Amino acid sequence: MSDILLRGQGITRRWGGLVAVNDVGLELKRGEVHAVIGTNGAGKSTLINILSGEIPPSAGTVQLLGQDVTAWSQPRRARAGLGRSYQRTTVYPGFSVLENCRLAAQARTPRPWHWWQSAQHCDASLGAARQAAQRAGLADVLSRPAGSLSHGEKRQLEIAMCLATAPQVLLLDEPLAGMGAEETDRMLALLAALKAQHAILLVEHDMDAVFRIADTITVMVNGVVIFSGAPAAVRSSPEVQAAYLGGH
Amino acid sequence: MTGMSDQTPKAMFVALCLGGLALYPLAAGSYGLDLVTKIMVYAIFALSLELLVGTTGLVCFGHAAFFGIGAYAAVLLSPESDAAELGWLLPASVAAAAAYALCVGALSLRTQGVYFIMVTLAFAQMAYYIVHDTPLGGGTDGIYLNVKPVLSVGGSTWLNLDGALTIYGFTWACLVAVFGFLGLLLRSRFGRALAGIKANEQRMRATGFSTYPYKLAAFVISGAIAGLAGFLFGVKDGYVNPELLSWHLSGAVLIMIILGGLGHLRGALVGAFAFALLQEFFKSEAIFGAFARHWHLGLGLTIIASVALLPNGLIGLVGLPALWRQRLLGKARGAAASGEQA
């Protein structure tokens, strides 16, 4: 199998007269963090929503593991190996950390609708949940309610919930939003550890972090890709500097 | 999920309630027996709505339709002058309610929020007017059940629901079975998925759950249990009328689960008892004299006060002293801190 796990081609999304995303193409490879940057309204979140199946594209195709998944629903894409996190924290605050991860893992179990056996006896989902929490650095807080975690820990839990679904591709929408320096370092270390086994798409506003972690950076302005390449090439691109970075 | 030690007092409370209800006929007169039978029917009805509202986060405002269909099916399917066999009448009545729930759920679950509330209300009103305005439901006069159903095995009658004590016992058994079934369901993977849908449906879809079939299944199960409650109500009274499908009853059952404490099965149980007993209290002419005619006012004010003062419902009463102590301590600490700053 090719190392390209997710491919988007000619992705376009129109909202009436507004073109939010226009003819965008990108490839996500295993072992690579691919960052998408751009000002507010550049179309980054729309792009991630289209890739994850949350909204359909007006035109273009999405391929996951070599299969055309453009017409697939979001849950079907998730079960096929596409994990995503959101800008706003979407953990289940009343559930424990372990239960958050277990519920995410449950979607991949053979009978996620099983109705007579206690969920606490589902070894498959519990095992996957513990493993995911450990990988995300949450092994010590498994029994704590998710609502009582710090902001950084909640963002880690978001990643852990993605990992519990055994994804090949991770689409991460601003995982560093609202984090302090220490929490950012911890999250970047986590992403660096994850990229060996996953293809990661990172939508992020923290430019220092993006340039530290990304292997490829795609720059979007007004729904259009104006540049895509290695961080050094992006940094030296005059059009990127003019449009976005402001001489970063 | 909460641990076993957290669950034990709650399970004991439920066991005590159900045990007390099992022993109640030993001390009760005929009025009390009839009243508590009615309350247990309401408790089953409230449990059915709790599955939708408290567990799945779907506020259905047309639940009386399923209750009424269960009741009407029991009467309409019974022979005119002979006892129907309970073995098929009960499943048929429950199936009728479940079938209507499947139709309503399949369409209404395409909507969300206030639209869902209004669509479920609209479907319930459609059912209401079908029994109200057509010969099928006997119009406003309703229909009588002439002979109560029986359970026969090998030609001999094992159970005849004609007696007050028998219908009490049968209703109690149904209440225990429904409570046990829902308890099992909520702890299962299916139940946890419903809880996840209530907490954050978007996240559930992103993790790979197609949420629509889960919600539809919950809707049908809920409608079937409401149909069971309606069946028991129709058989107990031997009479059904369109009011059993009215929006007033949909509102009343919603109030029961809010009053008891949303998100907990025992809340539905407590809420049904509290609502019905408050209703009896404010209707009592012995206590309120002529003002008893305005019982809605007293009941309404009490419910408003309960909801305002008890955000977790009546079952939250247990933790209330600790909550107040915590708040008082917090205020005292705040005052001390501001004193030090000054």
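Into which domains is chain A divided? In this predicted model, chain A splits into domain 1, made of 1-81 + 167-248, and domain 2, covering 91-166.

Taken over C-alpha atoms, the centres of domain 1 of chain A and domain 2 of chain A are 25 Å apart. Where they meet, domain 1 of chain A puts in 11 residues and domain 2 of chain A puts in 13. On the domain 1 side, two elements of chain A give two or more residues each: α2 (74-79) and α6 (181-194). The largest share of that side comes from α6(A), with 4 residues. By type, the domain 1 side comes out as 7 nonpolar, 1 polar and 3 charged residues.

Helix α3 of chain A (residues 97-106) is worth a look as well. It is largely enclosed by the rest of the structure, because 10 of its 10 residues are buried. That list includes A:V97, A:L98 and A:L103, but also A:E99, A:N100, A:R102 and A:Q106. What do the buried residues of α3(A) pack against? Their partners are α4 (123-135) and α5 (151-164) of chain A, together with α7 of chain B. That last partner comes back below.

**The chains side by side**

Here are the overall values for each chain.

| Property | Chain A | Chain B |
|---|---|---|
| Helices and strands | 9 helices, 10 strands | 13 helices, 4 strands |
| C-alpha span along principal axes | about 60 × 40 × 35 Å | about 85 × 55 × 40 Å |
| Buried residues | 46% of 248 residues | 44% of 342 residues |

Chain A, with its 9 helices and 10 strands, has a radius of gyration of 18 Å, close to the 18 Å that the globule rule gives for 248 residues, so it is as compact as a globular protein of that length. For the 342 residues of chain B, a compact globule would have a radius of gyration near 20 Å, and the chain's 22 Å agrees with that.

Contacts can also be sorted by how far apart the partners are in sequence. Among chain A contacts with a separation of 6 or more, 68% involve residues 24 or more positions apart. In chain B, 75% of the contacts between residues at least 6 apart join residues at least 24 apart.

**Where chain B touches chain A**

How many residues does each chain bring to the contact? Chain B brings 21 residues and chain A brings 29. On the chain B side, the elements giving two or more residues are α6 (164-187) and α7 (189-206) of chain B. Of these, α7(B) supplies the largest share, 11 residues. The chain B side divides into 9 nonpolar, 7 polar and 5 charged residues.

Why is α7(B) described as largely enclosed by the rest of the structure? Because 14 of its 18 residues are buried. Just past the helix, B:G208 has a positive phi of about 115°.

Helix α2 of chain B (residues 30-56) also has a bend. Its kink of about 40° is centred on B:E50. At 1.5 Å a residue, the 27 residues of α2(B) should span 39 Å, and the end C-alpha atoms, 38 Å apart, agree with that. The helix is mostly covered, with 20 of the 27 residues buried. After α2(B) comes B:G57, with a positive phi near 80°.

**A residue in α10 of chain B**

Finally, take B:V270, which lies in helix α10 (residues 265-283) of chain B. Is B:V270 buried or exposed? It counts as buried, because it has 25 C-beta neighbours inside 10 Å, and the cut-off is 20 or more. Leaving out residues up to four places away in sequence, B:V270 touches B:G260, B:G261, B:L314 and B:I315. B:A290, on the other hand, is 20 residues from B:V270 in sequence and 29 Å from it in space, C-alpha to C-alpha.

Definitions and conventions: Residues numbered from 1 in each chain as written. Chains lettered and ligands numbered in written order. Predicted model: local features only at pLDDT ≥ 70, side-chain atom pairs only at ≥ 80, totals over all residues. Expected span 1.5 Å × (residues − 1). Bend = angle between axes of the 7 residues up to and from the residue. Buried ≥ 20, exposed ≤ 12 C-beta atoms within 10 Å, placed from the backbone. Contact = placed C-beta atoms within 7 Å. Nonpolar A, V, L, I, M, F, W, Y, C, P; charged D, E, K, R; others polar. Domains from an automatic or database assignment. Rg over C-alpha atoms; globule rule 2.2 N^0.38 Å.
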